[in-house]
Amino acid sequence: MAARLAALAVLALVLGTLGAVAWRAGGLGALQAADIGAARFTVVQALVSATLSALLAVPVARALHRRRFPGRAALISLMGAPFILPAVVAVMGLLAVFGRAGMLNDGLAILGLPRVSIYGAQGVVLAHVFFNLPLATRLLLQGWQAIPSERFRLAAALGFTPAATLRHLEGPMLRATLPGAWLAIFLVCLTSFAVALTLGGGPAATTIELAIYQAFRFDFDLARAASLGLLQVALCVAALAATARIALPQGFGAGLDRRTVLAPPVGRALRAQDAAAIAAAAVFLIVPMAAVLARGLPALAGLPGPVWLAAGRSLAVALAATALTLALALPLALAAARQRRFEWAGTLPLVASPLVLGTGLFLLLYPFAAPATLALPVTVAVNAALALPFALRTLLPATRRLDADYSRLAASLGLFGFARLRLLTLPRLARPLGFAAGLSAALSMGDLGVIALFADPAQATLPLQLYALMGAYRMADAAAAASLLMALSFGLFWLFDRIGNHANA
Amino acid sequence: MLTLENLVLAQDDFRLTANFAVPTGARVAVIGPSGAGKSTLLAAIAGFFTPASGRILWNGQDLAPLAPGARPLSILFQDQNLFPHLTVGQNLGLGLNPSLRLSAADRAAIATAIARTGLDGLADRRPGQLSGGQHSRVALARALLRARPLLLLDEPFAALGPALKAEMLALVAKIAAEANTTVLMVSHDPADARAFAPLAILVAEGQALAPRPTAELLDNPPPPLARYLGH
Amino acid sequence: MRPFLMLAGFLCATATAFVAEAQDKPVLTVLTYDSFISEWGPGPVIEEVFERDCGCDLRFVGAGDGAALLARLLLEGARTEVDVVLGLDTSLTAQAAATGLFAPHGLPPAPDLPVAYDDPLFTPYDWGWFAFVYDATRLAAPPADFVALGASDVTILIEDPRSSTPGLGLLLWVKAAYGERASEVWAGLADNIVTVTPGWSEAYGMFLEGEADMVLSYSTSPAYHVIAEGDVTKEAAPFAEGHYLQIEVAGRLAGSDQPALADRFMAFLHSPAVQGTIPETNWMYPATTSPAGLPLAFDWLILPVKSLLMSPDEAQAARGPALAEWRAALAR
């Protein structure tokens, strides 16, 4: 019931806004030749970015799962950080490392080696991997943690080689988790706009989202915008359909929550491999973020008052959006464990073009209220919707397991409704719920929301203030605001993630 | 009395029919080759498997409209009988009140059940800290607390050693006798069946046959059972 | 349950906050771009001064950048509550005029524009020349025109004409200067372009980080660094072809329910109070120089030999084909 309501709300938001734009335009418009090129580039870069992110995440997640070292927990938490950075901040961080005047090129210059360029398709992919590798790692790590330790104990008892473990335990888990993670990333990259444009190097790197932007903003061709939005939804559905055939529900059975200490596999080569995977990921992810902080922190204290007010407003929006995300994601994830269509409904916002979403909402709400008066509620609603697919993706493996392992027992005991939520669902899902809440809060914190259409200057959020500072030449203040944004986003993420981890200890 | 009235269970190419009654208070073994449908039969009675046709009645009442938890029965599965994140006491409390709002009387009942099943001092442990035998005892103690007139055992003791298993079966027999509980027990071990269940249902070749005296059935097994028993 | 309650409470609080704001004073709604009304733009000062004796409530509504203004207005259509639109530029006014939403302003032409500009529907409030800005300590001899730039190995950052007004300005600049040869010029520039950014902010930020030798900005940009930072290293490169002008204009809506206030605000835009604040908040030239004159730092800025500007209709007509040319020349 709750799931059906949540699914309807999401469908109404995603398809309703698209419909509103098409309706206002009086139909769909013809696509131009350049749009087809944009679609091709969009799909290709998303394919490469998603595949690289997902594959690179495998050794990192495995190493993190089977090794224990000081700072491991902190590193896993940090894994959430890049994904939640606003594009403009992340790009600045990446440029500080990989840019023409970045550390890497400075290093190469000292060694007398030729410079490398981040601009072009390689830059787009690099940035997308930077954003999404950590997300993939976290999703896979959850998959690893979901394999009951009894199974690893069994594997150890049977003297499984790492290859055998991979085949019998990790392989099936990856088969269940990897397509979902890949799909989520593919869809994120599909709607990428600022990253592709900033690092793409030129018009060859045009994404569908940019074409939509252009259709809205310069041509005011709503019909073409609606067509492009529909094309984007169609691509998403095709990707969902393709992965639906690969991804299989997990069948590991339940463990007993025993905390067995795993003996990590021995052997010099494996140790080196794991160490290299962890070190490479850590450097790749942390250095750009550190660069943002290093530039921004010194100016932090000098930030003007409105920026701090905006930060408070963003926090409130993030918390409200998180509550809404979870209220939508939990029933959907529970229902999706049995019926795939709920998973589809919850994934849909991923491909909704934020521009179409914003414009459609504007068209729908404009007759009833001044857009500026709705700025914060609409931002909350849209941020919640955009975070929903990630929350759902995080919860889904756990709800599937919950359903497979305990639904019979719960039913035989007549455990239903609120009691079931309190005694079974929430405790068993605490960990993924915490992660989902952290992700939602941070995403909402960093998101520009429904862009400028609803913006109210008196109620600007932190990302909007960041842009305002940049627009006013105040790059040093902007850098400080960026590091504040990063710190707050990450702080929220860390807090929720930690609550989730401790709740079921 | 449990009545299976022209019951047909079907899924893909699996098919099982049953048409018989089990008298109240009887202890009945459900025996037969692997894959014949013993667990499916219990799942249907418990409400986890919807029959293709026919009815399942308890004392004349059709169970079809009742959700699993509302049926006059308790079921013990092969595994996953306990929630690992809840303590023994909480797992037991679920048998009395699924929202765990327990009265003083409930707590007293739990304490009694703990004592009767030999779980003293373990109320605050979690399942991960218990042995296999203790797991079974907790599950049994919860069935005791639920005090339903029908108890379905889907091989919950299969993983226990012979002595422990015998001990658990004796405990079940004792508890069942006191409350005149009807027990259906899936078993792979003829000795268990003989020792525990005066009656037995043979499930084989698409049919569940009416209960017959266990000894008689095992001494003169029909061909499919004979093959299964290795005679 | 708790999240639901929290959310409900939050929404209620937001709603009541807005109700409480309602006042009896007439409201004048001005739609403009975000940076105009940010804490650091001219908006706050203008609001304060205008409200001092208008007996009204001046409300700014932000809509992203200049291009977004028009899209916003088209979305709202005739039902709009906006009284004045502020921040369109001449590459957009033809499209804006075609909506039929604007009423004549009746104001005299602004005196201090480098070209003659007299549009019955739109009145200019500031203007600037597009220019490539560089750091003189890193680039000693900047190229003198587009052809020299294309032939050099000087790196540049530009904005995308499909998503930013400076980007569109550059497109029209090359077109106005080279006409049929624009495509050739773009082909020459292709290997100088480090990347194309979605907006001015990204490009300028990347330039300051040292990602390229030059960035497409305004000839007035160096004044910011001098005045706000005491930094004299940033300079704009004078190009021999001349520099394309951006003239920012305001227009009053025909359907305004506060026509008198709207007219008053349009005239107020040319007052010294507004014009005097433009140079150091919007970092552009005022359309009517205030009696106090320009800040000293503006004296050090380059003065282009020639101002290029297409008429609104020309700009409107040129945009599509120029964009196709641009895309073809740069799609490597």
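**A tour of aromatic pairs and a domain contact**

Begin by selecting Tyr473(A), Trp200(C), Tyr204(C), Phe207(C), Tyr224(C) and Trp283(C), which form one aromatic cluster; rings of Phe, Tyr and Trp (its six-membered ring) pair if their centres lie within 6.5 Å, and planes under 30 degrees apart count as stacked, over 60 as edge-to-face and the rest as tilted. The model on the screen is predicted, so local features need pLDDT of at least 70 and side-chain atom pairs count only at pLDDT 80 or more, while totals for chains, interfaces and linings use all residues. Residues are numbered from 1 along each chain as its sequence is written, chains are lettered from A and ligands numbered from 1 in the order in which they are written, and side-chain values use heavy atoms, with hydrogens and water left out.

Over all chains, a search of the whole structure finds 35 aromatic pairs. Select next Tyr406(A) and Phe83(B), whose ring centres are 5.4 Å apart with planes at 45°, so this pair is tilted. Tyr406(A) lies in helix 16 (residues 375-412) of chain A, and Phe83(B) in the loop between strand 6 (73-76) and helix 2 (88-96) of chain B, so the pair joins two chains; helices (H or I, at least four residues) and strands (E, at least two) are DSSP runs, numbered from the N terminus. Tyr406(A) is buried, with a relative accessible area of 1%, and Phe83(B) is buried with a relative accessible area of 1%, where buried means under 20% relative accessible area, exposed over 50% and partly exposed in between (1.4 Å probe, protein chains only).

Now move to Phe146(C) and Phe239(C), whose ring centres are 5.0 Å apart with planes at 90°, so the pair is edge-to-face. Phe146(C) lies in helix 6 (residues 146-151) of chain C and Phe239(C) in the loop between strand 9 (234-237) and strand 10 (243-253) of chain C, so the pair ties together parts that are 93 residues apart in sequence.

Finally, colour chain C by its domain assignment, which gives domain 1 (25-127 + 246-298) and domain 2 (129-245 + 308-331), with bounds that come from an automatic or database domain assignment. The area buried between domain 1 of chain C and domain 2 of chain C is about 1900 Å², of which carbon and sulfur atoms give 69%; buried area is the accessible area (1.4 Å probe) that two parts lose on being put together, summed over both. In domain 1 of chain C, select Ser91(C), Gln246(C) and Trp283(C), which lose the most area to domain 2 of chain C, together 34% of what that side buries.
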